[in-house]
Amino acid sequence: WNDWSEFVPIDASASDVNFSKFIRSGVYEIYLKDQLIYIGETRCNGSVTNPRARKGMWARRSDFRSTVKGGDNIRNPYGNGTKFLEVYGRTALNEVRHRFHCVHPYYCKQAEQQRLQEYYDKHNTLPTLQSEHDYKRVKK
C-alpha cells in the first residue's frame with residue numbers, strides 16, 4: 001500500500017494528472033477534506049487497446065462526480081454518489097478528492113477487501129459511504 005497516487009481534486013481534468021496511471025484497474029479512495037469516506041475498486045483497465053474499454057479508476061471517479069452533480073436527473077446513478085448527496089449534499093462536492101492504487105484486475109476485489117478489513121479493524125466501522133454489503137464482507 002505504499003504506491004498510492006497523489007490526491008486528485010474532484011475538479012481536476014485528465015490533463016492535470018498522469019492520466020495513463022488513472023485509467024488502470026485498482027483500488028481507489030474518496031476523501032471529503034481529510035476524512036476517508038469510501039473505499040472501492042474497479043477491474044476495468046482502460047489501458048487496453050479496446051476503444052470501448054472503461055477508463056479504470058478515472059471512470060469510477062467520473063461516475064461518482066456525475067451522480068452528485070446530476071442528482072435526480074441521472075438515469076443510472078452511482079450508489080456511493082447517491083449516498084454522498086443524502087449525507088453531505090451537492091455543495092460538499094468541492095471538498096472531495098480521490099487517490100488511486102493500481103492493482104492487476106485479477107486481484108482488485110481481494111485488494112479492496114483487504115483495505116476494507118484494515119479500516120474496519122482499526123476503526124470498528126467502515127467509511128461513511130460504504131454499503132451494508134461491505135459490512136457483511138468485513139464481519140465474516
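1. Which residues does valine 8 touch, not counting residues up to four places away in sequence? Valine 8 touches Val17, Phe22, Trp58, Arg61, Val96, Arg97, His98 and Phe100, where contact means heavy atoms within 4.5 Å.

2. This is a predicted model, in which local features need pLDDT of at least 70 and side-chain atom pairs count only at pLDDT 80 or more, while totals for chains, interfaces and linings use all residues. Residues are numbered from 1 along each chain as its sequence is written, and side-chain values use heavy atoms, with hydrogens and water left out.

3. Val8 is among the residues with the most contacts inside the largest nonpolar core, which has 21 residues. A nonpolar core is a set of buried Ala, Val, Leu, Ile, Met, Phe, Trp, Tyr and Cys residues joined through side-chain atoms within 4.5 Å. Buried means under 20% relative accessible area, exposed over 50%, and partly exposed in between (1.4 Å probe, protein chains only).

4. Apart from this core lies another, of 14 residues, including Val27, Leu36, Tyr119 and Val138.

5. The whole structure holds five aromatic pairs. Rings of Phe, Tyr and Trp (its six-membered ring) pair if their centres lie within 6.5 Å; planes under 30 degrees apart count as stacked, over 60 as edge-to-face and the rest as tilted. Phenylalanine 84 and tyrosine 88 form a tilted pair, because their ring centres are 5.1 Å apart and their planes stand at 45 degrees. Phenylalanine 84 is buried, at 0% relative accessibility, whereas tyrosine 88 is partly exposed, at 23%.
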